[in-house]
Amino acid sequence: MERWKGRVALVTGASVGIGAAVAKELVRHGMTVVGCARNVDKIQELAAECKKAGYTGVLVPIKCDLTKEEEILSMFAAIKAQHKGVDVCINNAGLAHPEPLLSGKTSGWKNMLDLNVIGLSICTREAYQSMKERNVDDGHIINLNSLVGHSVYPFADGHFYAATKYAVTALTEGLRQELHEAKSHIRATSISPGLVETEFAYRAYSKEPEKAAAAYAPNKNLVAVDIAEAVVYVLGAPPHVQIGELKIRPVESAI
Ligand SMILES: NC(=O)c1ccc[n+]([C@@H]2O[C@H](COP(=O)([O-])OP(=O)(O)OC[C@H]3O[C@@H](n4cnc5c(N)ncnc54)[C@H](OP(=O)(O)O)[C@@H]3O)[C@@H](O)[C@H]2O)c1
């Protein structure tokens, strides 16, 4: 991770869960991390925690709703003005609504698409353009995917969410191919975890918390820091090594 010290990483959805753990870990490794989310106060608290711990990097909070293109573009403009641009983009923000294909609300499907697919794609494009204009050829774009981005499980509440994660599988490989065509050495990685204990299921089932608790109950699940360590692993690989896909399961998981 030595070569990333002082370089700039954008981590989306850095207020809680996996994004917060990733942001903290990258700051610990000396990076300048721009963390964005809607609840910017939580990122401010995390930044103070990092400072208090004496980490060598810095966490810079930015408020951004990633379902709004104008807010994403303003964020990239602010990063350009304050830090020149991004060298690493971690597309982590994502959400699920339990809206089955036979009965779900269109508004829930659209919200998942807007954040998990369109927001991620806008950030990817803007991050690449930022690297290109500064001749950064060793950047890295990492997408938080899921095991459900590779197999369809018989779970109606998750089918549309799974479709957005299948899109992330295609978008990461498509990105790798476009970067190769452009003769770029910027790397593209998809990280696909199984169940990780975060607010994720509680947000999905905000009106039925017992369903969220049940989702996490049976196994020893992954925790956010497991995924943050995986991000450090893929980023820390030598520049000629591109980890395209990393699936991470709790060892007790059957799926
Ligand atoms: N937890 C799991 O079991 C699991 C498994 C596989 C993959 N994943 C994937 O891992 C990623 C992170 O999940 P997590 O478990 O850490 O979820 P989480 O605890 O629910 O956190 C989600 C993050 O996304 C941000 N976010 C949501 N809507 C946003 C918006 N419109 N604009 C900006 N930020 C937004 C949230 O911030 P604000 O609410 O403050 O905006 C929050 O920081 C997601 O892509 C998820 O699909 C999770």
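This is a predicted model: local features need pLDDT of at least 70, side-chain atom pairs count only at pLDDT 80 or more; totals for chains, interfaces and linings use all residues.
Residues are numbered from 1 along each chain as its sequence is written. Helices (H or I, at least four residues) and strands (E, at least two) are DSSP runs, numbered from the N terminus.

The axes of H4 and H5 cross at roughly 15° and come within 9 Å. H4 is therefore roughly parallel to H5. Axes here are lines fitted to C-alpha atoms, for helices over the stretch in contact, and angles run from 0 to 180 degrees between N-to-C directions. Angles under 35 degrees count as roughly parallel, over 145 as roughly antiparallel, 65 to 115 as roughly perpendicular and the rest as oblique.

On the H4 side, the contact residues are Trp109, Met112, Leu113, Asn116, Val117, Leu120, Ser121 and Thr124. They meet Phe160, Tyr161, Thr164, Ala167, Val168, Leu171 and Leu175 in H5. Contact means C-beta atoms, placed from the backbone, within 7 Å. The residues of this contact divide into 11 nonpolar, four polar and no charged. Ala, Val, Leu, Ile, Met, Phe, Trp, Tyr, Cys and Pro count as nonpolar, Asp, Glu, Lys and Arg as charged, and the others, Gly among them, as polar.

## Helix H3 against helix H4

H3 (residues 69-83) packs on H4 (residues 106-133) at an angle of about 25°, with the axes 10 Å apart. The two helices are therefore roughly parallel to each other. H3 passes H4 in a right-handed crossing.

From H3 come Glu69, Ile72, Phe76 and Lys80. Their partners in H4 are Gly119, Ile122, Cys123, Glu126 and Ser130. This contact divides into four nonpolar, two polar and three charged residues.

## Nonpolar cores

The largest nonpolar core holds 61 residues. A core is a set of buried Ala, Val, Leu, Ile, Met, Phe, Trp, Tyr and Cys residues joined through C-beta atoms within 7 Å. Ala9, Leu10, Val22, Ala23, Val33 and Ile227 touch the most other members. Helix H1 (residues 17-28) gives the most to this core, with seven residues. Apart from it lies another core, of eight residues, among them Val148, Tyr161, Ala201 and Ala204.

Val33 touches Ala9, Val11, Ala23, Leu26, Val27, Gly57, Leu59 and Val60, not counting residues up to four places away in sequence.

## Leu222

Leu222 lies in strand S8 (residues 222-223). Leu222 counts as buried, with 21 C-beta neighbours inside 10 Å. The cut-offs are 20 or more other C-beta atoms within 10 Å for buried, 12 or fewer for exposed, and partly exposed in between, with C-beta atoms placed from the backbone.

Leu222 touches Pro193, Gly194, Leu195, Val196, Ile227, Ile248 and Pro250, not counting residues up to four places away in sequence. The C-alpha atoms of Leu222 and Thr198 are separated by 9.3 Å, at 24 residues apart along the chain.

## Two loop residues with positive phi

Asn135 is found in the loop between H4 and strand S5 (140-144). Its phi is near 55°, a positive value in a residue other than glycine. Asn135 is exposed, with 6 other C-beta atoms within 10 Å.

Lys183 sits in the loop between H5 (159-181) and strand S6 (187-193). Phi of Lys183 is near 55°, again positive in a residue other than glycine. Lys183 is exposed, with 7 other C-beta atoms within 10 Å.

Definitions and conventions. A crossing is left-handed if the near helix is turned anticlockwise from the far one by less than a right angle, and right-handed if clockwise. Two residues are in contact if their C-beta atoms, placed from the backbone, lie within 7 Å.
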